[in-house]
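Here are my comments, as numbered points. Please keep the structure open while you read.

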Amino acid sequence: MADRSLRGIRLGAQSLQSEEGVVFMERHATTYKCESCGQETTLMFAADAEPPQTWECRGCGAEAVLQVDGAPVKLEETDEKAARTHWDMLLERRTRDELEELLADRLAYIRARRGTGDDPTRERIGA
């Protein structure tokens, strides 16, 4: 009976691939220092990769700054635009006067369908 039982492995326990013939990429250690709590974090990046200037501190969650030769890197000012909202994109296509006119037309259409007419102050009978 023992020779007929199935053997298995735990999922995720170990890889079935061997590292035979694998050539690893050159790596270098990159250090980030948090100015809030003083914690230093060392991360490994590929030698040809450009490490980011900031990294989230594992201790306090603030921004840790890249250290090169023991000194912090001067952060570059980026001209990142704020995320555009739907309202911003709408204002790129139409003027505010056009939007007011469209809104008035749609409200009149909805009121006409409901049977309330154009007068928003008129009360509905039986409601």
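1. Start with a term. Two strands pair if DSSP finds at least two bridges between them. β4 and β5 are joined by 2 bridges, so they count as a pair under that rule. The two strands run antiparallel. Bear in mind that this is a predicted model.

2. Overall layout. The protein has 2 helices and 5 strands. Along the sequence the order is β-β-β-β-β-α-α. Of its 127 residues, 11% count as buried. Take the contacts between residues at least 6 apart in sequence: 18% of them join residues at least 24 apart.

3. The hairpin of β1 and β2. Strand β1 covers residues 27–34, and strand β2 covers residues 40–46. They pair in the antiparallel sense, over 7 bridges. Between them lie 5 residues, and the two strands form a hairpin. In the turn, G38 has a positive phi of about 85 degrees.

4. A closer look at T41. Is T41 buried or exposed? T41 is buried, because its relative accessibility is 5% and the cut-off for buried is under 20%. Setting aside neighbours within four places in sequence, T41 is in contact with T30, T31, Y32 and R58.

5. β1 has another partner. Strand β4 (residues 63–68) is joined to β1 by 4 bridges. These two strands also run antiparallel. The bridge partner of T31 in β4 is Q67. For Y32, the bridge partner in β4 is L66.

6. The hairpin of β3 and β4. These strands pair in the antiparallel sense over 3 bridges. E56 stands opposite E63 in β4. The hairpin has 6 residues between its strands. G61, in the turn, has a positive phi of about 90 degrees.

7. A62, in the loop between β3 and β4. β3 spans 54–56, and A62 sits in the loop that leads from it to β4. How accessible is A62? Its relative accessible area is 22%, so A62 is partly exposed. Not counting residues up to four places away in sequence, A62 touches C34, S36, W55, E56 and C57. Now compare positions along the chain. A62 and E35 are 27 residues apart, and their C-alpha atoms are separated by 8.2 Å.

8. Q67 lies in strand β4. With a relative accessible area of 16%, Q67 is buried. What does the side chain of Q67 reach? That side chain reaches the backbone oxygen of V65, at 3.4 Å. Leaving out neighbours within four places in sequence, Q67 is in contact with T31, Y32, K33 and P72.

9. D69 and its phi. D69 lies in the loop between β4 and β5 (71–72). The hairpin of β4 and β5 has 2 residues between the strands. Most residues other than glycine have a negative phi. D69 is not a glycine, yet its phi is positive, about 55 degrees. Is D69 buried or exposed? D69 is exposed, because its relative accessibility is 80% and the cut-off for exposed is over 50%.

10. The two helices. Two packed helices are described by the angle between their axes and the distance between the axes. Helix α1 covers residues 86–93, and helix α2 covers residues 96–114. Their axes come within 8 Å and cross at roughly 100 degrees. Angles of 65 to 115 degrees count as roughly perpendicular, so α1 and α2 are roughly perpendicular to each other. On the α1 side, the contact is made by W87, L90, L91 and R93. On the α2 side, R96, E98 and L99 take part. How do the residues of this contact divide? They comprise 4 nonpolar, no polar and 3 charged residues.

How values were computed. Residues numbered from 1 in each chain as written. Predicted model: local features only at pLDDT ≥ 70, side-chain atom pairs only at ≥ 80, totals over all residues. Heavy atoms only, no water. Axes fitted to C-alpha atoms, helices over the stretch in contact; angles between N-to-C directions. Parallel < 35°, antiparallel > 145°, perpendicular 65-115°, else oblique. Contact = heavy atoms within 4.5 Å. Nonpolar A, V, L, I, M, F, W, Y, C, P; charged D, E, K, R; others polar. Buried < 20%, exposed > 50% of the residue type's maximum accessible area, 1.4 Å probe, protein only. Polar contact = N/O pair within 3.5 Å; in protein donor to acceptor, adjacent residues only side chain to side chain.
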